Amino acid sequence: MCLCIPSQIVETHPEDSTVTVDTLGVRRRISTHLIEDPLSMGDYLLIHVGFAISKINEQEALKSLEEYRLLLAEMGEEEARALFI
């Protein structure tokens with residue numbers, strides 16, 4: 001199963017077409033090679049295996065993040081941590 005949790009751009013690295021994103025407090029660097037839309041700090045992306053696969057609007061991202069937070073609150077710490085590995 002793949003969960004695409006909205007991730008917010010917190011740093012851009014145009015020299016290699018990557019960005020650093022924050023996914024519910026976890027930061028990682030991902031490729032933006034598959035995205036044609038211009039990207040800016042604060043934009044939200046959906047990511048799969050280290051690649052941004054789409055850009056989503058802030059309202060949609062915030063709604064999804066709230067649902068994920070509710071889901072994570074119901075899970076045990078170990079189960080929740082496994083989602084970010």
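The model is predicted: local features need pLDDT of at least 70, side-chain atom pairs count only at pLDDT 80 or more, and totals for chains, interfaces and linings use all residues. Residues are numbered from 1 along each chain as its sequence is written, and side-chain values use heavy atoms, with hydrogens and water left out.

A nonpolar surface patch is formed by Leu 34, Val 49, Phe 51 and Ile 53, which together have about 400 Å² of accessible area (Shrake-Rupley method, 1.4 Å probe; for residues, only the protein chains shown count as cover). Phe 51 belongs to strand E5, residues 51–56 (strands are DSSP runs of at least two residues, numbered from the N terminus). Val 49 is in the loop between strand E4 (44–48) and E5.

The table lists accessibility classes (buried under 20% relative accessible area, exposed over 50%, partly exposed in between).

| Residue | Relative accessible area | Class |
|---|---|---|
| Phe 51 | 36% | partly exposed |
| Ser 17 | 28% | partly exposed |
| Val 49 | 67% | exposed |
| Pro 38 | 67% | exposed |

Most residues other than glycine have a negative phi. Val 49, however, has a positive phi near 40 degrees. Ser 17, in the loop between strands E1 (7–13) and E2 (18–23), also has a positive phi, near 55 degrees.

Pro 38 is situated in the loop between strand E3 (26–31) and E4. Beyond its neighbours within four places in sequence, Pro 38 contacts Asp 43 and Lys 55 (heavy atoms within 4.5 Å). The C-alpha atoms of Pro 38 and Lys 55 are 9.4 Å apart, with the two residues 17 residues apart along the chain.

Terms used: Patch = residues over 30% accessible without salt bridge, like charges linked within 9 Å, V, L, I, M, F, W, Y side chains within 5 Å. Salt bridge = Lys/Arg side-chain N within 4 Å of Asp/Glu carboxyl O. Helix = DSSP H or I, 4+ residues; strand = E, 2+ residues; numbered from the N terminus. Buried < 20%, exposed > 50% of the residue type's maximum accessible area, 1.4 Å probe, protein only.
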